[in-house]
Amino acid sequence: MAKLLELAKEKKGVFITGTGTDIGKTYVTALMAKYYKEQGIDVAYYKAAISGADTIPESDAGYVKRIAGLEQPDDSMVSYLFREAVSPHLAAKINNRPIELDKIVADYKAVRDSHEFTVVEGSGGIVCPIRYDEEKILLPDIVKALRLSVIIVADAGLGTIHNVVTTAAYIKNLGIEIEGVLLNNYIGDLMQKDNYYMIEELTGLKVIATVAPKGETLIF
Ligand SMILES: Nc1ncnc2c1ncn2[C@@H]1O[C@H](COP(=O)(O)OP(=O)(O)OP(=O)(O)O)[C@@H](O)[C@H]1O
Ligand SMILES: [Mg+2]
């Protein structure tokens with residue numbers, strides 16, 4: 001709890017990444033945004049590139065908007081929306097619509113500057129190509145261009161120790177600051193309690209909160 005409030009006091013935004021695609025970044029981000037709103041913080045959502053959705057209301061952005069009750073205009077939440085459920089670099093190629101870092105920075109700044117705190121969701125895991133033609137953009141280039149630190153969302157179950165430790169090492173190696181970990185689908189059985197402990201031990205990071213299966217709030 002303290003960590004998230006501290007973040008909103010000290011910084012203008014945070015980047016939510018995960019140990020992989022489909023790990024629950026959007027699910028957890030929605031609960032984070034809901035939490036901030038309940039704390040009286042004017043929170044916004046932004047995702048640079050969304051693949052696999054026809055419209056913004058049907059996308060990650062629409063989900064977060066509904067769950068957290070955000071009043072933010074749809075078109076400020078996303079810079080690039082692609083129908084194809086493939087990596088942004090491929091979706092952009094298929095649609096002949098190259099992703100521009102300058103547009104992402106400008107769109108993010110517009111959201112950031114009109115809200116107290118912005119939660120930025122990444123596409124996929126931390127290794128995600130955004131543009132790969134004569135110009136090359138990988139997801140961490142966006143994190144750096146937006147000058148954000150990151151939170152890692154991970155599943156609480158089997159395999160998570162490896163996934164969090166390798167993701168955290170990769171991110172640290174790029175010189176990007178990590179604020180902590182959010183453990184999704186946490187039921188707190190013997191193995192999961194040990195996962196929680198071992199992640200903190202092996203990464204030196206803190207688990208900021210957990211989210212239960214079908215959870216409606218972050219648990220601190
Ligand atoms: N704690 C949870 N309880 C119930 N369902 C969950 C939970 N976390 C995630 N899910 C479900 O798992 C699926 C994947 O989650 P989500 O869309 O949040 O992943 P993601 O990491 O944002 O994926 P992407 O990489 O596509 O953005 C969704 O159907 C979501 O509703
Ligand atoms: Mg998502």
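The model shown in every view is predicted.

**View 1. The end of helix α3 and its buried side.** Helix α3 covers residues 60-68 and is followed by Gly 69, a residue whose phi is positive, near 65°. Within α3 the buried residues are Ala 61, Gly 62, Val 64 and Ala 68; because they cover an arc of only 165° around the axis, they are placed on the same side of α3. The elements that cover these buried residues include α2, β2 and β3.

View 2. Since Thr 26 lies in helix α2 (residues 25-38) and Asp 60 in helix α3, the pair ties together parts that are 34 residues apart in sequence. Thr 26 counts as buried, at 12% relative accessibility, whereas Asp 60, at 22%, counts as partly exposed, the limit for buried being under 20%.

View 3. Ser 79 is found in β3 and is buried, with a relative accessible area of 7%. Its side chain makes a polar contact of 2.5 Å with the side chain of Tyr 46, and a polar contact of 2.6 Å joins it to the side chain of Asp 107. When residues up to four places away in sequence are not counted, Ser 79 touches Tyr 46, Lys 47, Ala 48, Arg 97, Lys 103, Ile 104 and Asp 107. Ile 50 is 29 residues from Ser 79 along the chain, and the C-alpha atoms of the two are separated by 8.3 Å.

**View 4. The largest nonpolar core and a second, separate one.** The largest core holds 37 residues, of which Phe 15, Ile 99, Ile 104, Ile 142, Leu 146 and Leu 183 touch the most other members. Among the elements that give two or more residues to this core are β2 (43-51), β3 (78-82), α5 (101-113) and α7 (160-173). Leu 146 is in contact with Ile 104, Val 105, Tyr 108 and Val 120, leaving aside its neighbours within four places in sequence. The second core, of 34 residues, is separate and includes Ile 23, Ile 41, Val 64 and Ile 208.

Conventions: Residues numbered from 1 in each chain as written. Chains lettered and ligands numbered in written order. Predicted model: local features only at pLDDT ≥ 70, side-chain atom pairs only at ≥ 80, totals over all residues. Heavy atoms only, no water. Core = buried A, V, L, I, M, F, W, Y, C linked by side-chain atoms within 4.5 Å. Buried < 20%, exposed > 50% of the residue type's maximum accessible area, 1.4 Å probe, protein only. Helix = DSSP H or I, 4+ residues; strand = E, 2+ residues; numbered from the N terminus. Contact = heavy atoms within 4.5 Å. Polar contact = N/O pair within 3.5 Å; in protein donor to acceptor, adjacent residues only side chain to side chain. Arc of directions from axis to C-beta.
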